[in-house]
Amino acid sequence: MTAAVAAGLPGRLGRVDLSRPVVLLLAAVLCLLIVLPVSWLVYFAFTDRDGLPTFANFAPLFSDPAYTEPMITTLVISVSVGLACAAVAAPMGWLVARTDVPFARTIRSLIMASFVTPPFLGAIAWEILAAPNSGMLNQWYRELTGAPPDQHLFNIYSLTGVIFVIACYTFPYVFVLVANALERIPGELEDASSILGGRAWHTARRITVPLALPALLAGCLVAFLQAMTLFGSPAILALPAGFHTMTTKIWSLFQYPPKPGLAAACSLPLLLLTVVLLRAQHMILGRRSYQVIGGKSGAPRVIRLGPWRWLALAVCLIVLLNPVFLPYLGLVKAAFTHVFSQPLTLKNLTLEHVDFVFFEFSSTRLALKNTFLLGILAATLGSGLALVIAYATARRVVAGYRVLDFFATAPVAIPAIVLGVGLFLAYTRPPFVLYGTLSILLIAFVTIQLPAAYQQLQSAFRAVNPELEEASRILGATRLQALRHITAPLLRSGVIAAWCFIFIGTIRELSAAIMLFTADTKVISVVIFDLNENGHLGPISVLGILMLVITFAVVTLANRLHGSGAWRGQRVTG
Amino acid sequence: MSKSYAKTSLAAIAATALAMLGNPASAAPPEPTKAAPQLIEAAKKEGKVVWYTSVDLPMAEKIAKAFEVKYPGVAVRVERSGAERVFQRIGQEYSSKIYAADAVNSSDAAHFIVWKRDGWLMADVPEDVAKYFPKDQQDPDGMFAAFRVTLSPIGYNTTLVKKEEAPKSFKDLLDPKWSGKIVKAHPSYSGTILTATYQTARDIGWEYFEKLSQQKVMQVQSATDPSKKLSVGERAISADGTEYNLLQLKEKGEPIEIVYPTEGTPLVVGPSGIMKNAPNPNAAKLFNHFLFSVECQQLIVDVGGMRSFHSQVKEKPGRTPLKQIKLMKEDPAAVEKQVEEIKARYTKYFKV
């Protein structure tokens with residue numbers, strides 16, 4: 001409607017409104033970003049070496065144990081991670097969102113910390129902690145119980161180990177969804193139930209649980225997808241134990257002699273399953289809309305736990321030992337000791353790993369430079385792109401805005417390693433030979449991060465009243481001018497948040513980068529993975545700690561800017 | 001080690017192997033390269049050299065540092081990965097017309113057969129190679145020469161395994177008492193392990209690997225990793241790996257001991273050369289010159305724990321002389337032909 005009104009105004013005559021061509025160009029770019037790699041993937045999956053059509057690439061997926069076993073393993077891992085995350089995150093979400101558990105904010109921050117910890121770093125830290133013989137926890141266990149040298153409590157190189165470590169860094173997704181849903185349940189509904197004589201348990205069963213269930217289910221699906229498409233953790237923990245998952249299998253198909261057709265064929269099931277499950281998630285979450293019927297709802301009721309709240313806090317902290325406290329402790333010990341499995345004596349303390357990383361290892365500087373450059377570029381480009389698309393779709397600038405919405409959301413359905421394979425196939429051959437440049441990594445990172453940034457900015461746009469833009473348009477500004485002078489400043493905090501989000505996501509990305517890097521385009525995550533294959537746990541820990549410090553600095557900065565920016569934005573619109 | 005093996009000379013063993021690499025029909029090798037002032041100047045102008053290698057990272061960086069100290073103004077960037085990865089990466093980069101590598105070194109000598117055949121190497125004979133290296137350890141066309149030599153023996157952690165109980169042969173590793181206690185590296189990653197796997201399978205049969213895969217081995221990637229897993233006490237025995245990493249740790253005082261198996265120890269020769277499309281050709285030549293110099297060769301022996309063909313280089317006292325070790329025979333030409341089969345068969349047994 002806005003567009004129609006604006007178009008009829010005489011003040012704009014004689015000026016060119018660039019918004020339509022810009023939007024069309026964007027649509028074309030997005031289309032290329034996604035369609036190109038996916039079509040090459042499909043092409044390779046369905047052709048043989050001579051380019052003739054065939055289904056032969058899919059045959060091993062059904063008959064060869066070298067492929068069927070990883071598929072089954074992947075399913076077992078994904079289902080287990082989904083359930084484990086629900087079992088941990090649902091009670092924690094409830095405690096933090098609905099009870100008076102002490103230090104709820106701190107608990108949230110710690111969950112945020114596990115959320116931003118790169119999963120592959122967590123996996124390596126857990127090697128240091130729970131390798132059956134040299135792991136710190138197993139050593140403590142033997143010291144405490146006097147058990148013989150080859151007895152262990154934990155073996156991280158196992159199916160359960162892989163599930164455990166993936167769940168450690170996936171449960172925050174479920175937590176956030178559940179906690180948000182619980183916070184949004186109107187207190188009145190539960191009050192009503194109580195007033196009508198419902199006991200606490202009855203109220204929980206009939207009101208709270210049904211209202212939170214969709215979010216929990218959706219969270220489980222997200223956790224399932226994360227576990228299914230993660231590359232780093234299984235590569236680090238499953239290969240030593242002698243088994244593959246689908247992602248490590250796909251990656252191994254690119255070792256010499258490379259089998260791109262098979263890799264593409266293995267990628268397609270992951271892609272299809274992701275699309276299907278995301279549809280399912282959408283439907284589940286979509287149903288939630290009935291909750292808010294009845295307009296503005298009161299604040300959720302806080303449940304008083306009494307003395308139990310300290311127990312609740314203890315439970316939360318014990319859970320958080322696993323993704324945060326213990327792994328960080330392991331990294332710190334490995335970073336500053338000669339042999340991490342030896343006791344912490346003065347003789348064992350060293351700065352040799354720090355020295356090696358910063359003064360001897362010739363890849364460090366290049367990888368740091370590349371990582372920062374890519375992080376900044378991807379964040380700037382990604383949030384800019386997301387901003388324009390979010391504007392176009394939120395304000396329905398062009399008729400085909402739904403197409404934009406589709407393409408900006410679609411990458412969510414492409415697992416990073418699958419995208420990596422697709423981009424590799426697409427950009428190692430004409431017409432676009434980008435392999436070996438930072439551009440191919442930039443494309444990968446922007447594509448991967450775009451959906452999250454887009455969703456964030458889209459909701460930010462919904463919060464800005466279009467009347468302000470309309471006023472500026474009436475006064476003669478073009479749509480782009482209105483966007484720049486009116487809307488953009490109001491969205492500042494949202495954009496900063498999106499920028500930081502992409503930056504953090506980019507510097508920790510491994511699954512796509514591992515397929516696309518070359519000597520000159522190494523990034524820190526790839527260097528860490530490389531070092532792990534040679535068993536250099538000390539230098540990894542130094543680099544890992546550096547990565548975490550950078551990440552936390554950006555998160556803190558974002559929180560600060562976001563906070564003040566959001567406040568200022570409110571004042572202007574109010 | 002039985003005395004009867006003492007006669008086995010390393011040169012003789014590797015002779016047939018490297019002789020096969022040569023192409024008798026090709027032209028004479030170029031004049032030996034000296035570290036002449038013009039070359040040093042030209043290298044400094046380029047300012048850097050990129051070295052693709054599979055030498056254990058800290059050692060590779062030490063070699064790089066030694067070069068940078070000797071030739072200030074020429075920075076070395078070490079691109080270290082497993083030899084099979086390096087091979088795959090160079091292949092991928094070259095087919096995308098990315099010429100990043102200057103000097104290359106691989107622990108899988110078969111790679112040099114392929115690179116030479118594809119015309120990817122530049123002929124360059126460092127002065128020391130011409131003067132001090134046996135003829136059978138250099139390519140007749142001057143494309144590459146044997147930069148480093150190591151073995152792939154068994155190792156064990158002496159705090160976890162008593163000397164009397166330690167395995168003496170590869171077959172000893174199949175004893176059920178070692179189940180869950182063995183670590184080994186992967187032939188799809190490491191050239192050392194690919195070479196060793198070929199020799200072991202040829203000499204004692206694939207059944208050995210089939211049975212070993214039932215021993216719940218911890219499967220790591222790099223040949224440099226098993227010794228590290230021993231030293232932190234993660235596993236008691238390494239079924240393969242590199243002798244040089246074991247020596248480095250042992251001489252540092254870590255509780256590590258080496259076993260040269262009675263069946264023979266796999267011999268791994270790692271050649272070096274420079275790429276035809278090297279972006280820094282002068283720096284590459286200077287660096288190649290340095291790699292084969294007595295200075296660098298003595299460094300990789302003394303500090304690195306490797307072996308050298310350089311006639312002026314002395315073995316480090318306290319190590320078992322190569323002559324006393326029964327060695328398996330190197331055969332890069334056969335490895336080159338069977339590489340796919342070796343990897344496929346290995347994956348069939350070990351699942352990864």
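I take two strands as paired if DSSP finds at least two bridges between them. Strands (E, at least two residues) and helices (H or I, at least four) are DSSP runs, numbered from the N terminus.

I note that this is a predicted model, in which local features need pLDDT of at least 70 and side-chain atom pairs count only at pLDDT 80 or more, while totals for chains, interfaces and linings use all residues. Residues are numbered from 1 along each chain as its sequence is written, and chains are lettered from A and ligands numbered from 1 in the order in which they are written.

**Entry 1: strand β6 of chain B**

In β9(B), residues 237–238, B:Ser238 is the bridge partner of B:Gly155. The two strands run antiparallel and share 2 bridges. I found 4 bridges between β6(B) and β10(B), residues 256–259, also in antiparallel order; there B:Tyr156 has B:Glu257 as its bridge partner.

I then checked burial (buried: 20 or more other C-beta atoms within 10 Å of the residue's own, with C-beta atoms placed from the backbone).

**Entry 2: domains of chain B**

I read the bounds from an automatic or database domain assignment. Domain 1 is 21–150 + 269–316 and domain 2 is 151–266 + 334–350. Their centres, taken over C-alpha atoms, are 27 Å apart. I counted contacts as C-beta atoms, placed from the backbone, within 7 Å: 16 residues of domain 1 touch 20 residues of domain 2. On the domain 1 side, α4 and α5 (110–117) of chain B each give two or more residues.

**Entry 3: contact between chains A and B**

I found 41 residues of chain B and 34 residues of chain A in the contact. Elements giving two or more residues on the chain B side include β2 (75–80), α4 (83–95) and α13 (332–350). The largest share on that side, 5 residues, comes from α3(B).

**Entry 4: chain A as a whole**

I recorded 26 helices and 0 strands in chain A. The C-alpha trace spans about 85 × 75 × 50 Å along its principal axes. Its radius of gyration (over C-alpha atoms) is 25 Å, in agreement with the value near 25 Å for a compact globule of 574 residues; the globule rule is 2.2 Å times the number of residues to the power 0.38. Buried residues amount to 49% of the 574 in chain A. Of the contacts in chain A between residues at least 6 apart in sequence, 79% join residues at least 24 apart.

Terms used
Contact = placed C-beta atoms within 7 Å. Buried ≥ 20, exposed ≤ 12 C-beta atoms within 10 Å, placed from the backbone.
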